[in-house]
Amino acid sequence: MIDLPVSEFLSTLPPHLAPLKNEAERLLLYPQSQEDIECILKSANASEAKLGLSESSNYALGYRPMAFLSFSKLNRLKRYRQEELLINLETGITIEQLNQLLAEKNHRLPHVYAPSRTLLSLLGEDTVSLSATRYGPLRQWVTGLEAITGDGCPIHYGGEVVKNVTGYDLNKLFIGSHHQYGLVHRVILKILPKPEASRTVLFHLEDMQAAFTLAEQMAKMIHDPEMLTLFKLKNTFGWQILVTLSGYLQMVEQSTEPLLHVARGLNPDLQELDLPAKTLNQWVERLDWTNLKESQALVIRVALPNQMLFDLPQLLTSFPWLSGADVLIPLRTGQFCLRWHPLSQPAYTDLLAFQKTILSLGGFIRVLRIADPADQGYFDLNQEPDPVLLKWQARLKQQYDPKGILGGGEINGIP
Amino acid sequence: MESHNPPLQSLGQPNAFDALSACIHCGMCLPACPTYRVTGSEAESPRGRLYLMRASVEGQLAEPKQLMDHLDLCLGCLGCQTACPSGVNYEALLMQSRQKLVQYQNPVKRWIRRLLLKQVLPRPFILNGFAKVLRLYQISGLQRLVRNLQLPKLLGPLGKQERFMPQIPEGKPISLGQVFGVNQRGRVALFTGCIMNAVYHRVHQATIAVLVANGYEVVIPEQTCCGALAHHSGERDIVESLAKQNLDKLLAANPDWIVVNAAGCGSTLKEYDHILEALPEGRVFSEKVIDVMALLAKRPLAEPLDPVSDRVTYHAACHLHHAQRVQQEPYEVLKQIPGLTLIPLTEAEMCCGSAGVYNLAHPDLSLAILQEKMGHVEKTQADIVLAANPGCMLQLETGIAQSSIAMDVMHPIEILAKAYRDQ
Amino acid sequence: MGSMSKITPTLKRLFQRIVGHAFVLDAPEVLKAYECDACVLMKAQPDLVVLPANTQEVAQVVKICHEFEIPFIARGSGTGLSGGTLPVSGGIFIGLSRMNHILEIDPENRIARVETGVINAWLNRDTRPFKLFYAPDPSSQAACSIGGNIAENAGGIHCVKYGVTTDHILGLEVVTPEGDIVSLGGPHGHYRGINWVGLFVGSEGTFGIATQAIVRLTPLPQTIKVFLASFSKLQHAAALVADIMASGLRPSALEMMDDVTIKAVNEAFSTGFPQDAEAVLLIELDGHTDEVAMAEQQLMPLLSQHQVQQLRQAEDEAERLTLWKARKGAVAAYGRILPAFYLHDCVIPRSELVHVLTQIQAIGKAHEVVIANVFHAGDGNLHPNILLDPDDPAMVKRVLAAGEEILKACLDVGGVLSGEHGIGIEKSEFMDLVFTWDEIDVMRRLKQVFDPKGIANPDKILPVKSGCGEVRKGLAPHMLQAQGTWI
């Protein structure tokens, strides 16, 4: 049964935008152009029909969209400015598609993201990549974008230039705000030539202390690694350290040797040299915990001052219930993530105690994802944000999506 | 005297302030200006002052006071001139403005000041006599009594100035007319200055000892006040008359160099060529004037040098660093002393707030500027802070006395003299 | 506008009670000294200047402004180049010159916490002992404040590799236009959710006043090499820049100067740049020693493909510093040719440099004006300085016409109005050349989120829609009637 606003909304759409139903009985709309999105948003505003995104989430607990937009047809290359090292794309493109496109010209986006992700979803979350320490957040690689605000106004900001202060920085309004104020359909990204050499090594260690010791030594030893991540996953043997070195061939070779030497000293249970791209991609996919597929029951991010990260084993052992969690530590970021599977979710009070310790160490905890809206109590862990920020957030919603058709205005559980 | 007239323009010479157009208002001078740093006000910055000078020249200011108030607060440290990328001659513009503004000052105050500048400073016996009285005040315990009774507070503004009163050491000022050493490398005339000789005669003794050890013949000819204070107040006629006397007396001694150890005096003496524009000897004179550290930097120090184990830091006096541009020489000389630890001083070239009699005219501002300086000085944890100007030395002594640190103040030449102490 | 001061004696007393008598300034000559920043062709005096000592005082002052609807403008060192602090509708200045303390340097986490009146160069002076530096380095860094850098999202010579101000600000303490104190971001930087810090940086003081900042510090590179290459044609240099940037080399600086600049700089700083060259490039490589060596190997063949006349490497640190000092002082050195200049700040794609620079030369010839170029070539961030004598109205007219043509030439190849100086008041009337009025309205709505009463640095960035191009035409000549220079 289709209720009234939905049918009213659908009736105003042109024939080529007629929705399809997927297996979950969701109504899916496939816009193919900027005009299509504009048209959909304007119609939705007129009939107050709430919209969702199929490749991403406009985050709000209890938000029930009437129809979902898929950007899968908005995945075209608009302009490739090889000599500028800039690429102008529609945001429905996946990382896998983008990497393929760039590989043809011997270029790449240096951020390590799960291949299945679309740019749209990454931009909405401003997802931290596994190579963020070296290359910074994705937003620093966006030189321009085009979007439609929630109330249907098309805008552009920036362009095919690498530096710009012309007008308010609208990139920052749309990137990271979970599609609450508009939909970004075009983006111009900075890219890089492929490095002369790139080498990825994976170490497996059963013992936690050994894993941390090795990781700490590597962090000290390697000059500017592309990726250096320590993690533990359920159903996987012990702890793993994933290292990628890239740059000039000579530099990469120079850094790999001592690395392996140190590793031999700690006698890892296994080391895989020169991980093939396919295997690496599988790992990266599994480490993308904000991805709907990998998010499991509960994901939290813990920030700690850098110097304390290597005291983590002690911290983890002093809270025995933490041993059930998956751990992901992208080194040098001052942050790490913990994740629980539905059956091993921690008690809320345990988490509160853990948070107290973290706060006392000068860090903080943020809840990134909860699979089940019934568990929204966990969001209380996000400390009450400043009332001024809440006021601003409400005003932003009022200005750009007054009818609330792009989600309930919550971002990470914060209204 | 009509106060509503634009002060500068009314005096004709429309081109005298052409140099103003070199200022492009970029603001690079702001952080280099001590009064801007302390007040935070654009009008107390070099850029603001130049802007007001221009406004005045263009007749946009209602009263001379509107310019005068802000030029009065200028220390004349010339830190801005070192910072300026477009080469504005701030010093010349400031002097020109002050010369034109003096006529608008309170006539009584001005009369008293002129009396001081003309009749007191050029007469060493008055100053030296005053120093003796002051020493008596200090060693008799009277000063302690006055301070313990909190009398300075009762004195109001004068009480603040009491703090800047120099501690007068024992010993006697150098008398004029003496000759020391043998001429191996040259014959130099030592300029003794007013304050340096009255308060820090030990610096002259050190200067003579070091110069003699380095093969110079040192003569101390008859001379008078350099005229710096009159110059900075814009009293042109007084400076000219003093300059003329010094020129005659010092050149008569036929020196290769006229050596100065007081940065303030040195920078004024070097300007005699401008002050005495009409006299060709002005130039000859100015070219002979040299700071003692600059002279010693011209060749390696004479050996042997005894090790000196002090930990020192160096405060660059404005009139040496900015006005005379003697910047690296003191470091070059000090580095030759074996055993000496030279600790870098952050913002060494920022003014200490002394600036002639500035600390007496504007005690609050001067103290605030001194406080910033002392913050950096304290961090060095040196035993001795060096400064090549009596005004700075007095000011730093005040700063140390007010703080809890124990540190000596010396002229760099005194450290050198230590290295020659056995000779 | 601005003629009727809203500052009553009662209000003045309120301000005095907050910051102290000495720090409320309203003497006519003092207000005059405040009538312009480094962009002196446009002038307007504030009604009052308040110099608070800390965030709480700023908040109390702003609360009064909010209550009585008095426009307020934050002012740092007044080194802005787009009239960003011009009080066109009157109001008060809230000067941050006394809030100039570096509060904390944390080398372990590579961050520093500073009051925003801190001078950019001081931060670098104090972090150097820890082998760290604050990367954004505008040419005015000896004088400009971190707060001003935040307002303009300032760039600088080394931003081609290290990124601009917004990439280095992790957290802010802000006094909102409603007088609240709020912290945005934090020592861990921004991640996820609304990027308040990112929105605030570059908002030119129109969203409130940043009173403290947590900034990212970067390790000093192990090795730095600077090359000076000279060319007989400007176009050769421009083509090399495009090739270097396309090769993926990441020079830490890539600056270009043309013949007019070379002569002025040689005279001012005795740098000894080749006098007969039409352009020189300053190319800096930095990083790990081995990395620099390999980057140099990659650079050399590129140089040989582009008719380099002379190639010189800075021998030591002293020479390197002299070269950069000359580059940073270049703009002031123009004073030796003509007393003033009019400057644009467009950014264009680097592959268009040859084309646009040729056009700029032609525009200069056609309008009989002298144009001097000194700019961040690696970023494509042009700084054409059109030299002028403000007392020559005919020349001023030609300069303005040439300026507008240059601007349009840049926009034609996909350029933007400003790369680092901001829009301020000077470029706001050109905004409709880049944005539709709907887009400008989207920006205006953003302003309303932060400042519903429109009292925080009003009239800046966003143009007033008038429907007639005369606004633009009318504003500029009026500005130029005033005396002075424009850098």
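The exercises below, each with a worked solution, concern a predicted model.

**Exercise 1. The extent of the interface**

Task: Describe the interface of chain C and chain A by its residues in contact, its buried area and its polar pairs.

Solution: 
- Start with the residues. On the chain C side 76 residues are in contact, and they meet 67 residues of chain A.
- Next take the area. About 6,100 Å² is buried between the two chains, and 59% of this lies on carbon and sulfur atoms.
- Then count the polar pairs. Between chain C and chain A, 22 residue pairs are in polar contact, both residues being at pLDDT 80 or more.
- Now ask which elements of chain C take part. At least two residues each come from β9 (181-185), α7 (196-200), α8 (234-246), α10 (289-304) and α14 (437-450) of chain C.
- Of the side of chain C that touches chain A, α14(C) gives the largest share, ten residues.
- Finish with the composition: this side of chain C has 32 nonpolar, 28 polar and 16 charged residues.

**Exercise 2. A lysine at the interface**

Task: Find where Lys163(A) lies in chain A, state whether Lys163(A) is buried or exposed, and name its salt-bridge partner in chain C.

Solution: 
- Locate the residue. Lys163(A) sits in the loop that runs between β9 (154-158) and α6 (170-174) of chain A.
- Check the accessibility. The relative accessible area of Lys163(A) is 4%, which is under the 20% cut-off, so the residue is buried.
- List the neighbours. Among the residues that Lys163(A) touches are Gly155(C), Gly156(C), His376(C), Asp379(C), Asn381(C) and Glu420(C).
- Identify the partner. The side chain of Lys163(A) forms a salt bridge with that of Glu420(C), at 2.8 Å from N to O. These two side chains are also joined by a polar contact of 2.8 Å.
- By the rule, eight salt bridges cross the interface of chain C and chain A.

How values were computed
Residues numbered from 1 in each chain as written. Chains lettered and ligands numbered in written order. Predicted model: local features only at pLDDT ≥ 70, side-chain atom pairs only at ≥ 80, totals over all residues. Heavy atoms only, no water. Contact = heavy atoms within 4.5 Å. Buried area = accessible area lost by both parts, 1.4 Å probe. Salt bridge = Lys/Arg side-chain N within 4 Å of Asp/Glu carboxyl O. Polar contact = N/O pair within 3.5 Å; in protein donor to acceptor, adjacent residues only side chain to side chain. Helix = DSSP H or I, 4+ residues; strand = E, 2+ residues; numbered from the N terminus. Nonpolar A, V, L, I, M, F, W, Y, C, P; charged D, E, K, R; others polar. Buried < 20%, exposed > 50% of the residue type's maximum accessible area, 1.4 Å probe, protein only. Lists of a residue's contacts leave out its neighbours within four places in sequence.
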